[in-house]
Amino acid sequence: MSPRTLLRAVMAVSAVTLLAACNASAKDPAAQNAAGPALVLITPSPVGVNDFLKLAVQGIEDSAKKHNGTQKVYQSTDPASIQQNLAAAVREKPAVIVAVGFNFADAIAAEAERNPEQKFLFVDSCTTKPFPNVTCAVFREHEGSYLAGAEAGLLSKSGKVGAVVVLDTPQFRRYSIPFGQGAEKAKPGTTLAPLFIGGANPFNDPARAKALATTLAGQGVDHVMGAASAAGNLGVFEAAKQGKFFAFGVDANQCPASPGQVVDNVIKRTNVVVGDGVEAILGGKTGETKSYGVKEKGISLTGLEPDAATSQCVVASRPDVLAKVGELRDQIISGAIVVDDPAKS
């Protein structure tokens, strides 16, 4: 092999290695022919089977297609790779950088301050300090939790519902407190028992999530909201199957993970939020924070979706329950019911 050929080979390997290190993947084969804006999505963890992140990918793909642009996805694996991927994205100077998850708060704040011309869309959280180049899109999860709680109240035989939640913080209490309020609204006298995972690894501790759910079942709880992350909810579902009680999922349809045990899910439509946010930024509206709840169709329940019949959710076979919960949803949309946000109390 000649020195020139060897040099080309080394350069090619280096380029591939760099791409792999950043976990980036350009998913648009027509990118070279696109004349529109470049869009970059950064996830806090590998997309894999995470439906919440898969919806974010769908959102960035749809936005790129709509505007005849290009899109790239950087999949992070830990806090260090989050910062590395964000820095790499900034160097590319795309029209919009989309980051999903509260994990990005500090890194986005730092990059936004250093790069005032770069536009960011921060999904599912916001920076503590506002920046004119950071647009935030947050969810009103408490509205979905309230509706799920109403289902639990209507279905519960013991009059006791519970929640297994990753952390005892205002943000994550949006999954526990409103769940109990919705249950009590649907069936007065229903009580809530919340437990929190905590510890060194609350987002990836299915064993502790399972143990906490089993503890709740031992107290007579027969419906448990599982807001224990994708991994933790598997522990909750396993406990539900063994203990013959029912569980609820979050972010996407988790009913297929444990058919017959998962009643419903609080869905966060990341694709809707990403598409809406990118559209606003490209249209010149930046630096705003938009909240998405049931009215904006950013939050919903699987059971209230058009394809509920094929969802494998327990509630799909209870049209009477869905009719009552649908009425509560409509009251939230009209403003007749205002679900208090535990993160602001």
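Predicted model: local features only at pLDDT ≥ 70, side-chain atom pairs only at ≥ 80, totals over all residues.
Lys66 has a relative accessibility of 60%, so this residue counts as exposed. The cut-off behind that word is a relative accessible area over 50%.

Lys66 has a partner. Glu279 forms a salt bridge with Lys66, and the closest N and O atoms of the two are 3.3 Å apart. The partners come from distant parts of the chain: Glu279 belongs to helix α9, residues 270-282, while Lys66 belongs to helix α2, residues 51-66. Side chains of opposite charge can pair when their charged atoms come close.

Is the next pair, Lys268 and Asp124, buried or exposed? Both residues are buried, which means that each has under 20% relative accessible area. Their side chains meet in a salt bridge with an N to O distance of 2.9 Å. This pair, too, links distant parts of the chain, as Lys268 lies in strand β11 (residues 262-268) and Asp124 lies in the loop between β5 (120-123) and β6 (134-139). The two are 144 residues apart. Lys268 and Asp124 also belong to a network of salt bridges, in which they are linked with Glu141, Arg174 and Asp341.

A further salt bridge joins the side chains of Lys210 and Glu238, at 2.9 Å from N to O. Here a helix is linked to a helix: Lys210 is in α7, residues 206-218, and Glu238 is in α8, residues 229-243. Glu238 has a relative accessible area of 40%, so it is partly exposed.

How many salt bridges does a search of the whole structure find? The search finds 16, and the pairs described above are among them.

The rest of the picture concerns the chain as a whole. Its secondary structure consists of 10 helices and 13 strands. The protein chain has 345 residues, and buried residues make up 49% of them. Contacts can be sorted by how far apart the residues are in sequence. Of the contacts between residues at least 6 apart, 68% join residues at least 24 apart. As for the surface, the protein chain exposes about 15800 Å², and carbon and sulfur atoms supply 55% of that area.

Key:
Residues numbered from 1 in each chain as written. Heavy atoms only, no water. Helix = DSSP H or I, 4+ residues; strand = E, 2+ residues; numbered from the N terminus. Buried < 20%, exposed > 50% of the residue type's maximum accessible area, 1.4 Å probe, protein only. Contact = heavy atoms within 4.5 Å. Areas by Shrake-Rupley, 256 points an atom, 1.4 Å probe, with all protein chains shown as cover. Salt bridge = Lys/Arg side-chain N within 4 Å of Asp/Glu carboxyl O.
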